[in-house]
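Me: I have a model open and would like to go through it piece by piece. Can you help me read it?

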Amino acid sequence: MIPSEKLLRYLEDLAKEEHPEVNGKEYSQSQVIMAERLVRDVKKAIGIASQKPKLSRRRSFIVILEELFYNVPKYPDDLTLDGIHRRASQRFEYMNRDVKSFTTPAEVHPKDPCTYYEDNAHAKARYRSALQHLVLESQRYFQVPEAETSLKVLFEDVKLC
């Protein structure tokens with residue numbers, strides 16, 4: 001019997017491929033995504049699913065920031081990461097414990113990442129990687145469809161700059 005986590009990881013990797021193939025048979029990406037959802041739903045139905053999705057602290061903060069401020073050109077001046085941290089803790093289980101790396105919302109998820117990371121290609125690559133993970137699994141993490149769409153557009157922009 002295959003452990004459900006191993007099966008989910010395999011399906012996630014398959015979903016990243018342009019033409020997923022298993023044992024010589026080709027599947028569409030939508031079929032792979034549907035299989036992924038089915039495995040998650042079965043895990044939940046039999047009670048072995050984690051109540052909260054696991055995410056890195058940065059990715060969870062990005063989800064919350066995007067849901068709250070996807071249609072705002074600038075973060076409010078009084079916004080701190082403490083409130084974002086509380087909201088993220090309620091929805092996600094953190095995979096890492098590092099709290100010190102980010103001090104402001106703009107460091108976690110800048111409103112204009114192309115300008116923000118203009119002189120720091122390494123940091124931009126890490127940011128792009130975080131966005132890519134969220135875009136690939138957006139239906140799992142986002143509760144606000146507009147924020148999900150906004151993040152996908154932002155990710156495409158970041159890939160080009």
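Me: Is Phe 92 buried or exposed?
Reply: Phe 92 counts as buried, since its relative accessibility is 2%, where buried means under 20% relative accessible area, exposed means over 50% and partly exposed lies in between, with a 1.4 Å probe and protein chains only. This is a predicted model, in which local features need pLDDT of at least 70 and side-chain atom pairs count only at pLDDT 80 or more, while totals for chains, interfaces and linings use all residues. Residues are numbered from 1 along each chain as its sequence is written, and side-chain values use heavy atoms, with hydrogens and water left out.

Me: How many aromatic pairs are there?
Reply: The count comes to five aromatic pairs, by a rule in which rings of Phe, Tyr and Trp (its six-membered ring) pair if their centres lie within 6.5 Å, and planes under 30 degrees apart count as stacked, over 60 as edge-to-face and the rest as tilted. One of them joins Phe 92 and Tyr 141, which are edge-to-face at 6.2 Å centre to centre with 65° between the planes.

Me: Where do Phe 92 and Tyr 141 lie?
Reply: Phe 92 is in the loop between α4 (81–91) and β4 (93–94), whereas Tyr 141 is in helix α8 (residues 138–141), so the pair ties together parts that are 49 residues apart in sequence. Helices (H or I, at least four residues) and strands (E, at least two) are DSSP runs, numbered from the N terminus. Tyr 141 is buried too, with a relative accessible area of 3%.

Me: And why is the pair of Tyr 117 and Tyr 127 called tilted?
Reply: The ring centres of Tyr 117 and Tyr 127 are 5.2 Å apart and their planes are at 35°, so the pair is tilted. Tyr 117 lies in the loop between α6 (113–116) and α7 (121–136), and Tyr 127 lies in helix α7, so this pair ties together parts that are 10 residues apart in sequence. Tyr 117 is buried at a relative accessible area of 6%, and Tyr 127 is buried at 0%. Together with Tyr 116, these two residues form one aromatic cluster.

Me: Which residues of α7 are buried?
Reply: In α7 the buried residues are Ala 123, Lys 124, Tyr 127, Ala 130, Leu 131, Leu 134 and Val 135. They cover an arc of only 135° around the axis, which puts them on the same side of α7; the arc is that of the directions from the helix axis to the C-beta atoms. The face turned away from that buried side carries the exposed residues Ala 121 and His 122.

Me: Why might such residues share a side?
Reply: An α-helix has 3.6 residues a turn, so residues three or four places apart point the same way.

Me: What about α2, which residues are buried there?
Reply: The buried residues of α2 are Val 32, Glu 36, Val 39, Arg 40 and Lys 43, and because they cover an arc of only 95° around the axis, they are on the same side of α2. On the other side of α2, the exposed residues are Ser 30, Met 34, Leu 38, Lys 44 and Ala 45.

Me: New topic: where is Gln 29?
Reply: Gln 29 is found in helix α2 and counts as partly exposed, at 36% relative accessibility. The C-alpha atoms of Gln 29 and Ala 15 are separated by 5.6 Å, although these residues are 14 residues apart along the chain.
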